[in-house]
Amino acid sequence: MSSSGDDLFTRDDHIFENKELLEINHLPEEGRIVGRDDEIADLANAVNPAIFGQSPSNLLIYGKTGTGKSLCAKHISERLVRVAKEEGVTAEFAYVDCAQDNTETQAVQTIAHSMNNSEATDIKIPDKGLSTSTYYKRLWQVLDKQYGVVLIILDEVDKLDDDDILMQLSRAGEAGKLTDCKIGVIGISNKIKYKDRMDERVKSSLCEREFVFPPYDANQLRDIMQARSDAFKDGVLEPSVIPRAAALAAREHGDARKAIDILRYAGEIAQSNSSETVREEFVVQARERAETDRFRELIRGSTPHSRYVLQALAVLSLNESDEDGFRTTRIFDVYEEICRQEGSDTLSLRRVRDLLKEHAFLDIIEQSRQSGGSAEGSYTEHQLLEDPDVVQKVLVETVESE
Ligand SMILES: Nc1ncnc2c1ncn2[C@@H]1O[C@H](COP(=O)(O)OP(=O)(O)OP(=O)(O)O)[C@@H](O)[C@H]1O
Ligand SMILES: [Mg+2]
């Protein structure tokens with residue numbers, strides 16, 4: 001105890017040795033990436049020409065949330081930059097979170113800014129105030145002056161409000177915008193429908209190679225957590241914690257983010273309960289927090305109508321808790337009511353059906369075909385997989401923050 005005797009703050013951490021390993025933006029080193037050897041090898045193959053300063057393929061990575069898409073894209077880009085340097089090629093990569101930079105101008109600005117070394121180029125990339133075409137011009141100059149090859153990761157690419165930037169970037173070479181620098185685009189999305197709504201020309205240039213990342217199984221999740229268990233002090237994790245967390249995180253689909261979040265929260269709960277160890281019971285509480293977080297993240301940047309549709313299903317699930325699933329037309333009725341309350345027009349039944357499909361792909365809901373007998377034919381029922389209270393809570397706070 002120090003001389004002041006002030007006990008308000010905890011002075012030493014008896015749970016975490018290196019908590020950073022479990023933090024959201026932590027990029028794990030090679031040895032801690034588990035179960036993605038094939039995917040990483042395939043990505044490497046697609047961008048391989050870049051180490052000789054030649055054009056890498058443009059690629060699109062698809063997969064459900066928490067399947068390691070962002071991680072593997074960054075990992076492969078870092079390694080490529082390193083190996084290219086060894087080959088005497090100046091390479092760099094830029095990472096754009098399109099949920100945040102969702103307009104063409106913002107995205108180009110972010111890329112140009114992150115790529116620009118203003119001392120070397122004598123080019124300025126202000127935060128705002130330039131026209132989109134000027135940002136592009138400066139980007140091309142920045143790239144040509146500094147690099148032989150660059151990779152541009154457009155994460156959550158479906159959140160961009162239009163496809164123009166994909167067109168510009170994926171065709172910059174052909175269109176003669178760049179003379180010295182080669183460019184490769186890595187698009188990432190967890191929306192299954194994304195490609196369907198893409199312009200044909202964009203599709204053909206962006207989707208030269210496509211990769212689908214499958215969800216992890218409980219064993220892989222266990223290994224992923226085990227590989228980071230040195231985040232905790234020796235002996236603090238009770239042996240049942242990781243298997244339990246893996247089983248819970250694999251329930252809807254194997255989501256590594258959820259697994260790691262559960263582990264971190266379980267540690268924090270142990271801390272706030274002044275428990276000597278992380279116990280299995282904490283894992284259950286931790287899961288609730290992780291689910292809320294995950295859901296919040298999933299709907300981040302989604303359109304209001306996409307949220308109204310979910311809200312409609314949550315309202316039905318809360319009011320009619322004895323029913324398992326709800327037909328599209330019933331959801332549509334509640335959805336129309338919500339739109340009225342929000343003072344918004346309604347989308348067509350067909351669009352609402354598409355939005356439900358997107359939610360199903362993300363495992364927020366589950367769809368099943370039902371047979372209504374000969375008079376009715378078959379129809380689809382939708383069931384919320386997330387806890388309806390969690391959905392309500394997060395949707396309400398999203399509306400309030402807008
Ligand atoms: N194979 C793996 N080995 C170790 N850690 C992993 C692995 N896959 C994912 N993770 C970790 O799980 C978390 C989620 O992974 P990531 O962000 O890459 O998911 P994602 O597929 O991009 O999901 P989303 O579609 O929600 O963006 C990250 O903290 C990441 O470090
Ligand atoms: Mg991601």
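## Strand pairing and overall fold

Analyst: In this predicted model, Arg327 stands opposite Glu381 in E8.

User: Which residue stands opposite His382 in E8?

Analyst: Strand E6 covers residues 326-327, and two bridges join E6 to strand E8, residues 378-384, in an antiparallel run. Within this pairing Arg327 is set against Glu381, and the residue that stands opposite His382 is Phe326.

User: Over how many bridges do E7 and E8 pair?

Analyst: Strand E7 spans residues 365-371, and one of its residues, Ser368, stands opposite Glu381 in E8. Glu381 also has Arg327 opposite. The pairing of E7 with E8 is in the antiparallel sense, and the number of bridges is seven.

User: Which strands stand at the edges of this sheet, and why is one side of each left without a neighbour?

Analyst: Three strands make up an open sheet with antiparallel pairing, in the order E6-E8-E7. Each edge strand has a single partner strand, so one side of each has no neighbour in the sheet; the strands in question are E6 and E7.

User: How many of the seven residues of E8 are buried?

Analyst: Strand E8 is placed between E6 and E7 in the sheet order E6-E8-E7. A residue counts as buried when its relative accessible area is under 20%. By that criterion E8 is mostly covered, and of its seven residues the number buried is five.

User: Is Ala245 buried or exposed?

Analyst: Ala245 belongs to helix H9, which runs over residues 241-249. Leaving aside residues up to four places away in sequence, Ala245 touches Met225, Ile262 and Val283. Because its relative accessible area is 0%, and buried means under 20%, Ala245 is buried.

User: What is the phi of Asp122, and is the residue buried or exposed?

Analyst: Asp122 is found in the loop between helix H4 (118-121) and helix H5 (132-146). Although Asp122 is not a glycine, its phi is positive, at about 60°. Since exposed means over 50% relative accessible area and Asp122 reaches 69%, the residue counts as exposed.

User: What is the radius of gyration of the protein, and what would a compact globule have?

Analyst: The protein has 16 helices and eight strands, and its C-alpha atoms fill a box of roughly 70 × 65 × 40 Å along the principal axes. For 402 residues a compact globule would have a radius of gyration near 21 Å, which agrees with that of the protein, 24 Å.

User: What share of the contacts with a separation of 6 or more comes from residues 24 or more positions apart?

Analyst: Of the 402 residues of the protein, 50% count as buried. Among contacts with a separation of 6 or more, the share from residues 24 or more positions apart is 73%.

Key: Residues numbered from 1 in each chain as written. Chains lettered and ligands numbered in written order. Predicted model: local features only at pLDDT ≥ 70, side-chain atom pairs only at ≥ 80, totals over all residues. Heavy atoms only, no water. Helix = DSSP H or I, 4+ residues; strand = E, 2+ residues; numbered from the N terminus. Rg over C-alpha atoms; globule rule 2.2 N^0.38 Å. Buried < 20%, exposed > 50% of the residue type's maximum accessible area, 1.4 Å probe, protein only. Contact = heavy atoms within 4.5 Å. Pairing = 2+ DSSP bridges.
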